[in-house]
Amino acid sequence: METKKATRFNHLQKWESTLAACIRCGYCFEHCPLFKFTGWESDAPRAKLITAFGLLSGELELSETSADKMFNCFYCRRCEAACSSGVTLTDVFTDAKKDLVEMGYTGPGTTSITEPYCAQCLLCVQSCPHEARSHGENGIETDPVKCQSCGICVEICPAEAAKIVHTFGTGKADLIDASNRFLDTHTSAKAIVFACNWSYYPDLQASRLPESETHDRDYEIYVNMCAGRLETETLMAPFINHAWGVLVSCCPEDDCQHKDGGKRAKKQVARLQSILKSLDIDPERLQVVEIPNGDKTLFQAEIDTFIDRLNALGPIT
Amino acid sequence: MKRMDVSKLREIFGEQNIKTDPSDLYSFGSDSSVHHAMPWAVVRPDNTEQVQKLMVYANQALIPVIPRGGGSGMCGQTVPIQGGIVLDMKHMNRILEINLPDVYCRVEPGVVDDDLNLALKSYGMFYPPTPASSRIATIGGEIANNASGVRSVKYGATRDAVLGMKVVLPTGELVTLGAHTRVEATGYQLHKLMVGSEGTLGIVVEATLNFVPIPEYRCMGIANFDHLSDAGAAIGEIMASGAIPSMLELVDSVAIKAVNKTMNLGLKEVAASLIFEADGMVKEAVDYEINKMKEICKKHRGSDITTSYDPKERAKIFMGRKKLFPALSKYDDCLSSTSLADDMAVPYSKMAEMAGKIHEVAEKNNIIMTAYGHCGSGCMHTKILMDTKQPEQWASARKAITEIYEYVRSVNGTTSAEHGIGLSKAASFKVEKADSLKLLQTIKLALDPNNILNPGKLMQAPDDWVTATGLRYAVNN
Ligand SMILES: Cc1cc2nc3c(=O)[nH]c(=O)nc-3n(C[C@H](O)[C@H](O)[C@H](O)COP(=O)(O)OP(=O)(O)OC[C@H]3O[C@@H](n4cnc5c(N)ncnc54)[C@H](O)[C@@H]3O)c2cc1C
Ligand code: SF4
Ligand code: SF4
Ligand code: SF4
């Protein structure tokens, strides 16, 4: 290919050698929550780097859709952890976003937005762990370069005006739908596990297991982008749908990517436990556990202990 | 461009399983090779019937169709050199059956190798061909490329693990090839013809695969050598000794230096290291095999020999090899690690000479090349480190590769041991297989009379790989 440099990608430019250094092995894409959700390789991290290369070299035309590839990212850095070649993908995406914003593209991709009926209470501005929200002339604004799509503003907003448009299966409605579907279709279903993407979630398993292996599962794991953003409705919906219990995994308090997500999750669970108690439901049926990043063994052990406990308690009558 | 009717694709696959926006198509134009070309559309089937309908349509409209799995092929096998429709098989990813009494499993082609192994693990079994890329490579792609890996020295390549399959032919017809039994002599072994066909003869829609028990014991060792020729002699002797290594890997001085330079591992900078492993159900048997390999290394002046059963120690021994990829990528900011001439096979007695030849050719042509690989299978890997911006470096790479393949062929070696031919290795492939090219083309056209399934690959690929397609790198004018 001949180089026809698009001069406007001033920030992305410095990653030119990194884009060449990526060996395009694809080791990153099985781990990406976007790919896991859509199943399209063109949403996966490798494709984002290829898109960045295309934009920088001028081979790929800049458009809303190509720009959106850069704005769609949860900054979970799973791709970086899996990368065979030490590529710091999210740094590349951030610089691409800076250029795109300067050129008038703002996504939103997975960036949070604010609906016009915002009450201007500023709760989200105070709670955003990445200082991405501010109050300006046009009301509340999100800086798409800084936003890391944790969803904490969405959870905290009393007017439900803070929103993430592209949730890739990790938003409130997605989680409620998916957990209801599991509970409805599995007579053996007992528990729902909400796993924070940062603590641990099963990496691969993109393939579908034989029906004989999955039809009598006790529990299902659903990934969210921060345990600190799990809304009341999400955590309580499984109980309405006859689950025996709900388990939440969060990161250790000193290791939260979104500042105090673990703390928030624990507070939320404690609050809901007291509601369960007042309804005469054993509060142990809702639990939160700390799982350090990538600790698969601990995660499985916690799930097994929780299921054992539920078996002792039996269904909610 | 031939006319492609998107509404026809919509009818077959539904809107949500088609991509036509350039921002999606652009990334489907690449794999792990140096090549890039734009497809016209990407479709994602969920079942065999959709694949059949697509082929009937494409065959009548004369539109190229390029099957794609994980897109981890290293030679441009999935790069749509003539445009056309990319058939993304990743969504046909059901593990259909794990049949323990009959020791086989049936899977759809989009199942990822690691996922299959995860499912088999709970039965104490594993699927052995497993390439290094097993976390992304699909069974369909592994069959089409005849993938193999570190354990193939003992357990064989994909070719040896495939019992049978269902295949959609380029005309849309569905055929069942092979059997569900360990042996079969019922006519032409057409399922084996599909292995290594690089998506040019048919689309695998289901495969029946063999698996084996996970060994109880695994012991790994390492030996350092001051001379490549000593390591080379040890390889041949180990392979003829009766001890069957479950892994036998060579790492050369350039690779060791690269790992030390970028990862600070402090490995001893010797001419070569051999990493060897034995596995089995009986510890005494594994002991016997590992000791035999140790003795042979010693005999050939191997030093610093250590062996261990402990998984942590084994991980340490393998660290240098494992860290090689990231090390090469970080070797120098100006240099990229490219997959070119990267997997030739030579007879055991030529392994050391081959490594020496690689160093000599690299130096002469002003590029950096390492030699490492699954020497127990006769497979030598290389990576070419070069400044991909400089056109002169591409010219040098072209020259170096030609010289290396000339050597490979002169010692009865073969162009590709693992990764296949695609576009990047077609030039050497055509020379090596000169007297069977016509036959290959006859087979191709018998199955694919309109030449629509992954055209322009293998014997049909252009002779010059540098200009065959656009390159994935920005090259200065
Ligand atoms: C970092 C890295 C390490 C690697 N290590 C190894 C290794 O150790 N050993 C090894 O052998 N290879 C290795 N490879 C190469 C590659 O991973 C393998 O060739 C693998 O089998 C490709 O699988 P895939 O699913 O990615 O196939 P793709 O790259 O998507 O496709 C490969 C070929 O298969 C065809 N194809 C895909 N699906 C089907 C189907 N259903 N029916 C018919 N044809 C189909 C395609 O048309 C194409 O010709 C490595 C690659 C990388 C990037
Ligand atoms: S940071 Fe997470 S969401 Fe973003 S590309 Fe990487 S894996 Fe995907
Ligand atoms: S894992 Fe790293 S080197 Fe491989 S494709 Fe992803 S970013 Fe590139
Ligand atoms: S709270 Fe999270 S989602 Fe909301 S703006 Fe800040 S970073 Fe983005």
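Which helix of chain B holds both B:Asp287 and B:Lys283, and how many residues apart are they? Both lie in helix α11 of chain B, four residues apart, about one turn of the helix.

This is a predicted model, in which local features need pLDDT of at least 70 and side-chain atom pairs count only at pLDDT 80 or more, while totals for chains, interfaces and linings use all residues. Residues are numbered from 1 along each chain as its sequence is written, chains are lettered from A and ligands numbered from 1 in the order in which they are written, and side-chain values use heavy atoms, with hydrogens and water left out.

**View 1. Salt bridge between B:Asp287 and B:Lys283.** The two side chains meet at 3.4 Å, N to O. A salt bridge is a side-chain nitrogen of Lys or Arg within 4 Å of a carboxyl oxygen of Asp or Glu. B:Asp287 is partly exposed at 24% relative accessibility, and B:Lys283 is partly exposed at 33%. Buried means under 20% relative accessible area, exposed over 50%, and partly exposed in between (1.4 Å probe, protein chains only). Helices (H or I, at least four residues) and strands (E, at least two) are DSSP runs, numbered from the N terminus.

**View 2. Salt bridge between B:Glu237 and B:Lys299.** The closest N and O atoms of this pair are 2.8 Å apart. The pair links distant parts of the chain, with B:Glu237 in helix α9 (residues 228–239) and B:Lys299 in helix α11 (residues 283–299) of chain B, 62 residues apart. B:Glu237 is partly exposed, with a relative accessible area of 27%, whereas B:Lys299 counts as exposed at 54%.

**View 3. Salt bridge between B:Asp46 and B:Arg94.** Here the closest N and O atoms are 2.8 Å apart. B:Asp46 is in the loop between β3 (41–43) and α3 (48–61) of chain B, and B:Arg94 is in the loop between β5 (85–88) and β6, 48 residues apart. B:Asp46 has a relative accessible area of 25% and is partly exposed; B:Arg94, at 21%, is also partly exposed. Over all chains, the structure holds 43 salt bridges.

**View 4. Contact between chain B and chain A.** Chain B gives 59 residues to the contact and chain A gives 46 residues; contact means heavy atoms within 4.5 Å. The area buried between the chains is about 4,400 Å², of which carbon and sulfur atoms give 50%. Buried area is the accessible area (1.4 Å probe) that two parts lose on being put together, summed over both. B:Tyr26, B:Arg135 and B:Arg472 supply 17% of the area that chain B buries against chain A, more than any other three residues. Between the two chains there are four salt bridges, and the side chains of A:Glu41 and B:Arg68 meet in a salt bridge at 2.4 Å, N to O.

**View 5. Residues around ligand 2.** Of the 14 residues around this ligand, A:Cys32, A:Cys73, A:Cys76, A:Arg77 and A:Cys79 come nearest. A residue is near a molecule or strand if one of its heavy atoms lies within 4 Å of it. The shell divides into ten nonpolar, one polar and three charged residues. Ala, Val, Leu, Ile, Met, Phe, Trp, Tyr, Cys and Pro count as nonpolar, Asp, Glu, Lys and Arg as charged, and the others, Gly among them, as polar. Helices α2 (33–38), α3 (45–57), α5 (78–82) and α6 (89–102) of chain A each supply at least two residues of the shell.

**View 6. Residues around ligand 4.** Ligand 4 is surrounded by 13 residues, and the closest are A:Cys128, A:Cys147, A:Cys150, A:Gly151 and A:Cys153. The shell holds six nonpolar, six polar and one charged residue.

**View 7. Backbone at A:Ser149.** Phi of A:Ser149 is near 60°, a positive value in a residue other than glycine. A:Ser149 lies in the loop between β3 (139–142) and α8 (152–156) of chain A, and is buried, with a relative accessible area of 3%.

**View 8. Surroundings of B:Leu340.** B:Leu340 sits in the loop between β17 and β18 (343–345) of chain B and is buried at 1% relative accessible area. Leaving aside neighbours within four places in sequence, the residues in contact with B:Leu340 include B:Val34, B:Trp394 and B:Trp465.
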